[in-house]
2 protein chains.
Amino acid sequence: MDYPFIDGGVTAAKGFTAAGVHCGIRKNRSKRDLALILSDRPAAAAAVYTQNLVKGAPLLVTQRHLADGTAQAVICNSGIANTCAFDGEDKAEAMCELTANALGIEANDIIVGSTGVIGPSLQLEPIEKGIPALAAALSKEGGADAAEAIMTTDTVKKECAVSFELGGKTCTLGGIAKGSGMIAPNMATMLCFLTTDAAIAAPLLKEALSETVEDTFNMLSVDGDTSTNDTVALMANGAAGNEPVAEKNGDYQTFRAALRQVCTAIVRALAADGEGATRLLECRVTGGKTAADARLAAKSVIGSALFKSAMFGADANWGRVLCAVGYSGAQVDVKGVSVTFRSAAGSVHVCEKGAGILFSEETAKTVLSEKEIVVDIVLSDGQAAATAWGCDLTYDYVKINGDYRT
Amino acid sequence: MDYPFIDGGVTAAKGFTAAGVHCGIRKNRSKRDLALILSDRPAAAAAVYTQNLVKGAPLLVTQRHLADGTAQAVICNSGIANTCAFDGEDKAEAMCELTANALGIEANDIIVGSTGVIGPSLQLEPIEKGIPALAAALSKEGGADAAEAIMTTDTVKKECAVSFELGGKTCTLGGIAKGSGMIAPNMATMLCFLTTDAAIAAPLLKEALSETVEDTFNMLSVDGDTSTNDTVALMANGAAGNEPVAEKNGDYQTFRAALRQVCTAIVRALAADGEGATRLLECRVTGGKTAADARLAAKSVIGSALFKSAMFGADANWGRVLCAVGYSGAQVDVKGVSVTFRSAAGSVHVCEKGAGILFSEETAKTVLSEKEIVVDIVLSDGQAAATAWGCDLTYDYVKINGDYRT
């Protein structure tokens, strides 16, 4: 599953352009706050949304627009989430209308997203004023500007792309994402917009996206809070000229592998840039009874505030790993759990058959002082595996979230 | 349900004495690390344990000893959890034997607890040496020493007692507890030992305790981590001379109300002393479809890292409350949620029918700057209610847990 990463992100695939501008939703004039992504033709499209019962208005509108499996553009603002406001859906529809008019496409073919503070009513004036400049700025180079425009507390923009072959044609799949408190209701929604020039039928696109999200975005936790506006959307415009993927053949598998590679890279980037994070944490569980058990165990460890705090302190506190496995809800024989910490600096085996073993605290400190830490958990219950990603819990997380609105 | 609080804790009830000494499990000589509680006669006894699959050895031994519904003493150390060690159960049984020999009672009538670091093997020598002094120190005044001896990262000892009447006899129920990262695998297990001189049949005692724990200890979250060693144990020795409670009559209801009052007071004290906490948070949910829905919603809010961080910053970020209700798993009509923040400084209504309303940020800051904050959530789905307790998430939580072992 290792396709070459190529430069660019959401505009790397043929037929896609993008732009990002400051339109005035945010007061800081140097911060872009409105992003647009356009396909030069209607594209098969699918999206996966937050499971929070409180769903942002843009999601409800996007769900309606994607009912026919087709989209041609994405419009997304940062600054205000357009959620829990009485007029949210009207405003989200209006954003699509304004965009459709400027581009000469159907409003029904537009994916709309918003990220920012929950509650305030979204003002359309800045968006209305900004859209002409945004449309005029559409270009291949504009993908990076779009990536910036959707950022909130993110400290780096996230974009990546891979190239792969379907039926002898070179295809590209790439995307941009934002999310720092991965999954947080306020200024930190997780959004990811993916584009590909591969030709693939909408129902298969939807299935591939749903399955991939399960193993990637749904295995990411920065703080355990599930946002109201989380969205991962994917447009496939067929500009690569490949024989359209219409069944689950080898091409479909290739496409899925490329999609998974991009999503995994984006998830790792989101975890590494988690609010206040100093370390990227990856929890690999093997030997699980079922995939669901392996997932529960991996997510429980990556979500434990105590484990995350220990990683911040480079403390090989494996008891917290075992404890989190124990309360995860997974069916696990706790007497069969082994734990190893790994990083670029080496590895340290700390727990065998559910009990501590002698290890060098010095080695552990060295291993855990790296920026990327893997905690390897081997269960004795079966063959299932899962990986989850997250970050350490730091003073800065508290600082960022203790006083964000004011 | 308001019985008078009286002085003392675990020795307030007739027939109970206690002691706490430093025996040497912990290196700091000024920190008591071994506690003993004795009833002058065998008592009906019940306990509720962690739901973590990884269960500390002392819990397994206590479960066996309480199978007959009788106990006479509690022995508990701090410093080492005696969990995930190969010889844990043997060591826990040995602690009971040593205690039984010193007191001339049955080992099988002893409740054993441990709290501290997971993994290391418990050394019996300090306990063996310490028990004679501990037994010699047993007294009515020793309850406070026992409360100190079970503390780990707690900053204040927790004890309380109430008096009430059963069949014209004055009864007393009191207890001690520890737990700071309420529920944490390392140095922060939640332990609570309760005593009463009421006479009540063991099966009813067990039922009353289980039901009460559901509404009190199980509604407490400091960091969402469920310890391996959590235990709430209750001994009822009948020294008050009341007609034994053998059915669910008025006396049983009185007993339950007194038990709930003591457990609620202890839970509030544990939440207020949560690791790094600056504020006690109480989340009251009313209008829930079912009790389970109300509980899910209340616990989800109290457990949200983002909500907890906002409370640290005295930020009336009601969007985080709504978001946590939305992902709680509770059946909730999100368009029917209203939210009010309350404290000794007043109240501020911030959300109505799932949407924000205008409120004074100045008033909100004043309300939220108090030490005890109530977040009042009114749902529109039914009549069920639940209350959960927790604390804010602060720099100090991260500091305490980032580097505890070292």
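This is a predicted model: local features need pLDDT of at least 70, side-chain atom pairs count only at pLDDT 80 or more; totals for chains, interfaces and linings use all residues.

Trainee: How many disulfides does the count give over all chains?

Mentor: A disulfide is a covalent bond between the sulfur atoms of two cysteines. The cut-off for such a pair is 2.5 Å, and the sulfur of Cys96(A) is 11 Å from its closest cysteine sulfur, in Cys76(A), so that pair is too far apart for a bond. Over all chains, the number of disulfides is zero.

Trainee: Is Cys96(A) buried or exposed?

Mentor: A residue counts as buried under 20% relative accessible area. Cys96(A) has a relative accessibility of 0%, and therefore it counts as buried.

Trainee: Which strands stand at the edges of the open sheet of chain A?

Mentor: The sheet has seven strands with mixed pairing, in the order β9-β16-β11-β15-β12-β13-β14. Two strands of chain A have a single partner strand each, so one side of each is left without a neighbour in the sheet; these are β9 (220-221) and β14 (355-356).

Trainee: Which residue of β16(A) is the bridge partner of Ser221(A)?

Mentor: Strands of a sheet pair through backbone hydrogen bonds, either parallel or antiparallel. β9(A) pairs with β16 (residues 384-391) of chain A in the parallel sense, over two bridges. In β16(A), the bridge partner of Ser221(A) is Gly390(A).

Trainee: How many residues of helix α9 of chain A are buried?

Mentor: Helix α9 of chain A covers residues 318-326 and is mostly covered. Among its buried residues are Trp318(A), Arg320(A), Leu322(A) and Cys323(A). The number of buried residues is nine of nine.

Trainee: Where in chain B is Gly336(B)?

Mentor: Gly336(B) has a relative accessible area of 17% and is buried. Leaving aside neighbours within four places in sequence, Gly336(B) is in contact with Lys353(B), Val378(B), Leu379(B) and Ser380(B). Gly336(B) and Ala246(B) are 90 residues apart in sequence and 44 Å apart in space, C-alpha to C-alpha. The place of Gly336(B) is the loop between α9 (318-326) and β12 (338-343) of chain B.

Trainee: How many salt bridges are found over all chains?

Mentor: Side chains of opposite charge can pair when their charged atoms come close. One salt bridge joins Asp87(A) and Lys91(A) at 2.8 Å, N to O; Asp87(A) is partly exposed at 24%, whereas Lys91(A) is buried at 15%. A search of the whole structure finds 34.

Trainee: How many residues apart in sequence are the parts that Glu89(B) and Arg64(B) tie together?

Mentor: Glu89(B) and Arg64(B) form a salt bridge, their closest N and O atoms being 2.9 Å apart. Glu89(B) lies in helix α2 (residues 88-103) of chain B and Arg64(B) in helix α1 (residues 57-65) of chain B, so the parts they tie together are apart in sequence by 25 residues.

Trainee: Which strand of chain B holds Glu282(B), the salt-bridge partner of Arg268(B)?

Mentor: The side chains of Arg268(B) and Glu282(B) meet at 2.4 Å, N to O. The pair links distant parts of the chain, 14 residues apart: Arg268(B) is in helix α6 (residues 250-272) of chain B, and Glu282(B) is in strand β11 (residues 280-288).

Conventions
Residues are numbered from 1 along each chain as its sequence is written. Chains are lettered from A and ligands numbered from 1 in the order in which they are written. Side-chain values use heavy atoms; hydrogens and water are left out. Helices (H or I, at least four residues) and strands (E, at least two) are DSSP runs, numbered from the N terminus. Buried means under 20% relative accessible area, exposed over 50%, partly exposed in between (1.4 Å probe, protein chains only). Contact means heavy atoms within 4.5 Å. Two strands pair if DSSP finds at least two bridges between them. A salt bridge is a side-chain nitrogen of Lys or Arg within 4 Å of a carboxyl oxygen of Asp or Glu.
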